[in-house]
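The sequence and the structure come first, and the description follows.

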Amino acid sequence: MPSNKSVSDAPIAQFTNCRILRDRRLQREDLWVREGKILNPEKLFFDEKGSADIQLDCKGSIIAPGFIDVQINGGFGVDFSMATDDFKSGIDLVSQKILSHGVTSFCPTLVTSPPSVYHQVLPQISVRNGGAHGAGILGAHLEGPFISKEKKGAHPEHCIRTFEAGAFQDLLATYGSLDCVRIVTLAPEIKRSSEVIRELTKRGICVSLGHSVANLSQAEEAVQHGATFITHLFNAMLPFHHRDPGIVGLLTSDKIPAGRRVFYGMISDGIHTNPAALRIAHRAHPTGKAIPVLGPAVGLAAKLPRRVCLPSSGLVLVTDAIAGMGLAPGRHTLGQQVVEIDGLNTYIAGTKTLSGSVATMDACVRHFLEATGCSVETALEAASLHPAQLLGIEHKKGTLDYDSDADFLMLNDSLYVQATYIAGEEVWRQDVLGM
Amino acid sequence: MRLVILEDYDQASEWAAKYICNRIIQFKPSQGRYFTLGLPTGLPRNHPESYHSYMWNNFFKHIDIDPNNAHILDGNAPDLQAECDAFEKKIEEAGGIDLFVGGIGPDGHIAFNEPGSSLSSRTRLKTLAMDTILANAKYFDGDLSKVPTMALTVGVGTVMDAREVMILITGAHKAFALYKAIEEGVNHMWTVSAFQQHPRTIFVCDEDATLELRVKTVKYFKGLMHVHNKLVDPLYSMKEN
């Protein structure tokens, strides 16, 4: 039937026969999209007397917001910490390939590197929207070099630095420019970290704690100055101790400023963290804002069963993927180091030190679901809503709320990605022959 | 009248839905020949429990109706009387209502035609009775001060003009109203009783709603269920024709 739209002439797509993740739960609802944003069909119906131009049958798929990976060091042979001549095409390649993993936005991550690398690489990273060319870039994540030598993990020791002398000026000199930087991971026990954290937070950069031997009070102080994230919880930090829980203790700390939430990244590839540890973190995190689960009962709606939703936590799934992700087992680089891949394990060549992962984001979501026994909604939110909240962009990314960006995925019941959409356009589809 | 008694809320709802479905198919609607379904009206537009949201979530979003053919009284219109008059005109232009589906209030009202409403009334603004306000309080977190006290409603006369009327009544709290509506006389204090004078009325209810009726009435109509059930035998879908 002809549509009569007074607001816009752009075509309206209606995705039917699907379950969408909205208001924290999977609901049997249609998804409406116009001009790259999620559309409110009720307003369209009553205010514009409009209707859909195209209807797509999703054959019972789950529709979830696109995944957001805030820690990915490279993939498919590309290493973001390596200043090569074709760096731009490298980042383009990765952003295009991760569409098949369900990632629609990401933060290219640089591990501890010499200043020259930052000066050459950072100007080549620009914040940009996603599309058919690849996932959107939200900004760089600089993991290091202001970290602890004792918890360097796979980072090269000779590049690790402190900012004791010039605090923020030292940091700026090391990185060169902070224009497209979104997240900085540092160790809060370094002297003058409070000043640095305050400066970074003032500039809208998310400060994360990681690769550190900080105790709980140092971590709490960092949070009070503005830190909001923990880089790969449990890895590269002091283990939980009952008299000093260290950074891990932030999950249940009572010194977090009111109204703030501390998010924590977890690499749920089955290797970096034992499933039991994953479950402890998932269950220990304090509740976020109260979610209104029971609304006024209206007519038929009152008769439908309502699932109880767990309160929102701060768990953020990350891949921490390295150049070898997507490639065959063997040797690859990670910044200044050489790493060896054997199955899902990646170690510094010749050692047993873990160095990043080769897991894909959708595999992490599936593993998280299985290991914790959580609901599908929780697993999906950990990869979409929570990273968006961490970066303060949940009003346009990470949800399927009306007027947010139409970046979404079609998944089957086992959470395998069938299709990826950015701004309402299909940018990747699973080949029917299963390639 | 027909009185169709089903066991519970779900069965009554399903029976009514199948009946409406069959009526639409029998009518053979097409481009330019619309089946006009009438429904009672309610709360102001902007409220999340507004009739617009209710109709969208429970009806419109599940079907392929052209939005231009969905007419809901607008409680926020600048001139309410004009809005009501325009509504009556739209009904007339559409060729009259083929089937009006409504419920019954505990005080026996149809739509918001409270006790004392004229049985020949048309669409107009009505002040709600306390009974109705109390009944609606549950949609406003039990806060009586938030419940609207006025509503636009189709009149009893408007509904009487429909070619067929279906009233759905479920629950023990409606039992007395049903008794007053069908076993006592036509009375403007129980406005649903007006339909005793309508040539084609069908009341669909559950067992609980019959609690105040005479056993004789209930037995008679239950005995007719085999006839009633023929009305909901599946017909071919319009699309298959």
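## Annotated binding site

In this predicted model, the residues that an unreviewed UniProt entry lists under "binding site" are A:Glu143, A:His211 and A:His232. They span 90 residues in sequence, but no two of their C-alpha atoms are more than 10.9 Å apart, so they gather at one spot.

## A:Glu143

A:Glu143 belongs to strand β13 of chain A, which covers residues 140-143. Its relative accessibility is 2%; because buried means under 20%, A:Glu143 counts as buried.

Beyond its neighbours within four places in sequence, A:Glu143 touches a set of residues that includes both of the other annotated ones, A:His211 and A:His232. With A:Gln71, the side chain of A:Glu143 forms a polar contact of 3.2 Å.

## A:His211

A:His211 sits in a loop of chain A, between β15 (206-209) and α6 (216-225). This residue is also buried, at a relative accessible area of 4%.

A polar contact of 2.9 Å links the side chain of A:His211 to that of A:Glu143. Apart from neighbours within four places in sequence, A:His211 is in contact with residues including A:Ile147, A:Lys151, A:Lys152, A:Ala187 and A:His232.

In soluble globular proteins, nonpolar side chains tend to be buried together. Here the largest nonpolar core has 91 residues, and A:Leu186 and A:Leu200 have the most contacts inside it. The element that gives the most to this core is helix α8 of chain A (residues 361-372), with five residues.

A:Leu186 and A:Leu200 are in contact with each other. Other contacts of A:Leu186, leaving aside its neighbours within four places in sequence, include A:Phe146, A:Ile147, A:Phe163, A:Val196 and A:Val207.

## Helices α7 and α8 of chain A

How do the axes of α7(A) and α8(A) cross, and within what distance do they come? The axis of α7(A), residues 275-284, comes within 9 Å of the axis of α8(A), and the two cross at roughly 85 degrees. Angles of 65 to 115 degrees count as roughly perpendicular, so this describes α7(A) relative to α8(A).

Where these helices meet, α7(A) contributes A:Pro275, A:Leu278, A:Arg279 and A:His282. On the side of α8(A) are A:His367, A:Phe368, A:Ala371 and A:Thr372.

Technical notes: Residues are numbered from 1 along each chain as its sequence is written. Chains are lettered from A and ligands numbered from 1 in the order in which they are written. This is a predicted model: local features need pLDDT of at least 70, side-chain atom pairs count only at pLDDT 80 or more; totals for chains, interfaces and linings use all residues. Side-chain values use heavy atoms; hydrogens and water are left out. UniProt positions are given in the numbering used here, feature names are shortened, and annotations may be inferred rather than shown by experiment. Helices (H or I, at least four residues) and strands (E, at least two) are DSSP runs, numbered from the N terminus. Buried means under 20% relative accessible area, exposed over 50%, partly exposed in between (1.4 Å probe, protein chains only). Contact means heavy atoms within 4.5 Å. A polar contact is a pair of N or O atoms within 3.5 Å; within protein, one must be able to donate a hydrogen and the other to accept it, and residues adjacent in sequence count only if both atoms are side-chain atoms. A nonpolar core is a set of buried Ala, Val, Leu, Ile, Met, Phe, Trp, Tyr and Cys residues joined through side-chain atoms within 4.5 Å. Axes are lines fitted to C-alpha atoms, for helices over the stretch in contact, and angles run from 0 to 180 degrees between N-to-C directions. Angles under 35 degrees count as roughly parallel, over 145 as roughly antiparallel, 65 to 115 as roughly perpendicular and the rest as oblique.
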